[in-house]
Amino acid sequence: MVTIARICLQSLLKLVNSVLGMVGIAMVLYGLWMVRVWLRDMDSSSVDQYDAAAAAAPWFICTFLGAGVFLCAITCMGYLAAKFAHGCCLSCYMLIIFIVLLLETAMAADILLNSDWEKDLPYDTTGKFHDFKDFVKSNFDMFKWIGLLIVLAQGFSILLALALRSVEPNQGSSYDSEEECPPARLPLINPNEPLEYIVAAKNNNWNSNK
């Protein structure tokens, strides 16, 4: 019964963890598309050396790509933790997901409570940050459900990893049980054979050798 529950928890954790993987892949693809558009605009526009140096570090595109790669790495780690169900891997996975949840909560609170949150960010020379912000505003209902799905997937991943860690098989239980019930050993002397016969046989052998 424990083995069946462990297999079910592993499958559920892999399934829920795949949601983060799909989000990470989508972010990487969108970031690569932004890089392609930015490079095309840089080639077609005639900018001076100062503007080119300023546009050489698009922080928003790099951050977007880094977040996507980070989510993909978390997905790989979650898959390995679900496959091997090792306590250390599951603990590290839960800790990373919890830290990501705290960061997301802090960012959401800053956006909702601080009306001038855009001033805390560096200036984006590519203009992709404003394009992405306008895209989110125009499709706010869709992004709201996507964000809720991501948060639920992360919280459910923590619960599944915790449950899988609790049903981890104890490697020392079989060893202890074997020590408590040691295997029966065969007697050196057959108890069914009379002791007098054994002594007599030994004396006869000793006399013949002498």
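1. Isoleucine 25 is partly exposed, with a relative accessible area of 47%; the model in which this value was computed is a predicted one. The residue belongs to helix H1, which covers residues 2-44. Together with Leu29 and Leu32, Ile25 makes a nonpolar surface patch of about 300 Å².

2. The overall make-up of the chain may be stated next. The chain contains eight helices and zero strands, and its pattern along the sequence reads α-α-α-α-α-α-α-α. Of its 210 residues, 25% are buried. The accessible surface amounts to about 15100 Å², and carbon and sulfur atoms account for 68% of that surface.

3. Two packed helices are described by the angle between their axes and the distance between the axes. For H1 and helix H4 (residues 87-113), the axes come within 14 Å and cross at roughly 35°. The crossing of this pair is left-handed. On the H1 side the residues that meet H4 are Leu13, Asn17 and Leu20, and their counterparts in H4 are Leu90, Tyr93 and Ile97.

4. When neighbours within four places in sequence are left aside, asparagine 17 is in contact with Ile74, Thr75, Gly78, Tyr79, Tyr93 and Ser157.

5. One of those partners, threonine 75, deserves a point of its own. Threonine 75 lies in helix H3, which spans residues 59-84, and is buried at a relative accessible area of 15%. Residues up to four places away in sequence not being counted, threonine 75 touches Asn17, Leu20 and Gly21.

6. On the H4 side, the reader may turn to isoleucine 97, which has its place in helix H4. Isoleucine 97 is buried, its relative accessible area being 1%. Which residues does isoleucine 97 contact, leaving aside its neighbours within four places in sequence? They are Leu20, Ile74, Gln154 and Ile158. Isoleucine 97 also stands 9.9 Å from leucine 71, C-alpha to C-alpha, although the two are 26 residues apart in sequence.

7. Alanine 82 is a further residue of helix H3. At 0% relative accessibility, alanine 82 counts as buried. Not counting residues up to four places away in sequence, alanine 82 touches Gln10, Leu13, Lys14 and Leu164.

8. Most residues other than glycine have a negative phi, and most peptide bonds are trans. Alanine 85, however, has a phi near 55°, a positive value in a residue other than glycine. Alanine 85 is in the loop between H3 and H4 and is buried, with a relative accessible area of 2%.

9. The last point concerns charged side chains. Side chains of opposite charge can pair when their charged atoms come close. How many salt bridges does the count come to? The count comes to one salt bridge. The bridge is formed by lysine 133 with glutamate 118, whose closest N and O atoms are 2.7 Å apart. Lysine 133 lies in helix H5 (residues 128-138) and glutamate 118 in the loop between H4 and H5, so the pair ties together parts that are 15 residues apart in sequence. The two partners fall into separate classes of accessibility: lysine 133 is buried at a relative accessible area of 16%, whereas glutamate 118 is partly exposed at 32%.

Key: Residues numbered from 1 in each chain as written. Predicted model: local features only at pLDDT ≥ 70, side-chain atom pairs only at ≥ 80, totals over all residues. Heavy atoms only, no water. Patch = residues over 30% accessible without salt bridge, like charges linked within 9 Å, V, L, I, M, F, W, Y side chains within 5 Å. Areas by Shrake-Rupley, 256 points an atom, 1.4 Å probe, with all protein chains shown as cover. Salt bridge = Lys/Arg side-chain N within 4 Å of Asp/Glu carboxyl O. Helix = DSSP H or I, 4+ residues; strand = E, 2+ residues; numbered from the N terminus. Buried < 20%, exposed > 50% of the residue type's maximum accessible area, 1.4 Å probe, protein only. Contact = heavy atoms within 4.5 Å. Axes fitted to C-alpha atoms, helices over the stretch in contact; angles between N-to-C directions. Left-handed = near helix turned anticlockwise from the far one by under 90°.
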